[in-house]
Amino acid sequence: MEFGNWLWYNGRMDVCFEMVSDAVITLQGKARKTPILSSAFLGENLFLKAENLQKTGSFKFRGSLNKIQSLSDDELSHGIIACSSGNHAQGVALAASKIGIKSIICMSERASKQKINATKSYGGEVLLVPGSYDDAAKKAEELRKENGYTLVHPFNDPFVIAGQGTIGVEIAEQVPDVQQILVPVGGGGLISGIALAIKTLKPCCKVIGVQAANVPSMFSSMAARKIVSVKENKETLADGIHVLTPGDITFAMVNKYVDDIVTVSEKEIMDAMVKLLAYSKTVVEGAGAVSVAAFLSDKVDKNLKTVCVVSGGNVDLEVLNTAISIESGLI
């Protein structure tokens with residue numbers, strides 16, 4: 001396979017803007033160009049990049065499809081395996097089904113029933129694994145080695161990162177005078193791609209990552225200047241970014257392109273979810289709401305024209321109902 005002018009270091013492909021540009025072409029007509037929404041109540045300078053309206057209800061479809069489209073016939077013939085807390089699972093399952101390839105998805109038992117059922121409906125074979133995303137990742141790697149499957153990693157992969165970077169290209173086109181972009185962070189694939197694209201197209205625009213304070217893996221790694229794992233495995237409403245250890249590719253890219261990482265509390269996440277529903281009529285899962293939570297809770301400069309990436313809308317209805325009840329003061 002020819003890789004144009006893409007660069008390789010120590011046997012690994014270095015993610016460059018040319019890969020993002022190629023991904024734009026690959027995804028054209030297959031992934032949706034999601035809209036920019038606004039809500040005067042939430043903030044005059046606040047705009048939402050609505051990836052909750054992407055196919056499968058999450059940005060993950062972009063990276064999954066871009067990766068699978070890059071695979072050789074031999075790699076595809078072995079079947080696809082992936083690990084996920086839910087959204088990547090759906091993206092891989094749909095992308096694989098579209099080209100008639102088998103996909104096996106290792107998912108944490110903590111994943112919502114909605115995400116598990118949706119993954120199955122898209123054609124994925126789901127294997128539930130006790131524990132967190134990291135436990136599902138270990139199981140996927142075991143099965144890859146045993147059976148020769150081709151792994152589609154949820155974040156630590158150049159083609160996945162390039163696919164997510166297409167969001168940055170769209171934001172630059174849709175909001176030409178954007179000054180700040182807030183991006184949810186789990187393993188770091190989404191923010192790595194967006195930051196690479198934005199810093200290429202609009203170098204003065206700030207890119208700030210947002211993590212749940214209960215699982216601050218990238219935040220802690222940046223502070224320590226090395227990859228560290230979260231030792232205390234706490235629950236979070238933002239299950240889609242519940243990742244205990246960042247990737248080495250994503251950690252390096254965050255260090256290079258991202259201006260800052262901030263964290264938000266569970267209360268701040270819940271508040272953002274309910275306000276998005278009430279005032280912008282937008283259904284958002286916890287992971288997708290963290291960017292807005294950071295803006296509403298004054299963790300960033302609210303005077304800048306800001307785009308919050310709303311990364312997904314696959315919220316468990318019981319979780320949403322509980323959040324509405326609590327925020328409404330009913331319980």
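A search of the whole structure finds 15 salt bridges. A salt bridge here is a side-chain nitrogen of Lys or Arg within 4 Å of a carboxyl oxygen of Asp or Glu. The structure is a predicted model, in which local features need pLDDT of at least 70 and side-chain atom pairs count only at pLDDT 80 or more, while totals for chains, interfaces and linings use all residues. Residues are numbered from 1 along each chain as its sequence is written, and side-chain values use heavy atoms, with hydrogens and water left out.

One of these bridges joins the side chains of K33 and E173, at 3.2 Å from N to O. The pair links distant parts of the chain, 140 residues apart. K33 sits in the loop between α1 and β3 (36-38), and E173 in helix α7. Helices (H or I, at least four residues) and strands (E, at least two) are DSSP runs, numbered from the N terminus.

A salt bridge also forms between D177 and K305, whose closest N and O atoms are 2.9 Å apart. D177 lies in the loop between α7 and β9 (180-184), and K305 in the loop between α12 and β12 (306-310), so the bridge ties together parts that are 128 residues apart in sequence. D177 is partly exposed, at 44% relative accessibility. K305 is partly exposed too, with a relative accessible area of 21%. Buried means under 20% relative accessible area, exposed means over 50%, and partly exposed is in between (1.4 Å probe, protein chains only).

Within helix α11 (residues 266-279), D271 and K275 are four residues apart, about one helical turn. An α-helix has 3.6 residues a turn, so residues three or four places apart point the same way. The side chains of D271 and K275 meet in a salt bridge of 3.3 Å, N to O. D271 counts as buried, at 18% relative accessibility. K275, at 28%, counts as partly exposed. Elsewhere, K49, E51, R62 and E170 are linked in a network of salt bridges.

Helix packing was examined next. Two packed helices are described by the angle between their axes and the distance between the axes. Helix α1 (residues 17-27) packs with helix α7 (residues 158-174) at an angle of about 75°, their axes lying 8 Å apart. Axes are lines fitted to C-alpha atoms, for helices over the stretch in contact, and angles run from 0 to 180 degrees between N-to-C directions. The two helices, α1 and α7, are therefore roughly perpendicular. Angles of 65 to 115 degrees count as roughly perpendicular, under 35 as roughly parallel, over 145 as roughly antiparallel and the rest as oblique. From α1, the contact is made by F17, M19, V20, A23, V24 and L27. From α7, P158, F159, A162, G163, G165, T166 and V169 take part. Contact means heavy atoms within 4.5 Å. By class, this contact of α1 with α7 has ten nonpolar, three polar and no charged residues. Ala, Val, Leu, Ile, Met, Phe, Trp, Tyr, Cys and Pro count as nonpolar, Asp, Glu, Lys and Arg as charged, and the others, Gly among them, as polar.

Several serines lie in helices. S291 is in helix α12 (residues 286-296). S291 is buried, with a relative accessible area of 0%. Leaving aside neighbours within four places in sequence, S291 contacts L182, V183, P184, V210, C308, V309 and V310. S70 belongs to helix α2 (residues 60-70) and is buried at 11%. The side chain of S70 reaches the backbone oxygen of K67 at 2.6 Å. S97, in helix α4 (residues 87-98), is partly exposed at 32%. Not counting residues up to four places away in sequence, S97 touches Y122 and G123.

In helix α13 (residues 317-327), L320, A323 and S325 are buried. Their cover includes α11. At the start of α13, a side-chain oxygen of D316 reaches to within 2.8 Å of the backbone nitrogen of E318.

T56 has a positive phi of about 70° although it is not a glycine. T56 lies in the loop between β4 (46-50) and α2, and is buried at 7%. R225, also not a glycine, has a positive phi of about 60°. R225 is placed in the loop between α9 (217-224) and α10 (248-257). R225 is exposed, with a relative accessible area of 75%.

How values were computed. Polar contact = N/O pair within 3.5 Å; in protein donor to acceptor, adjacent residues only side chain to side chain.
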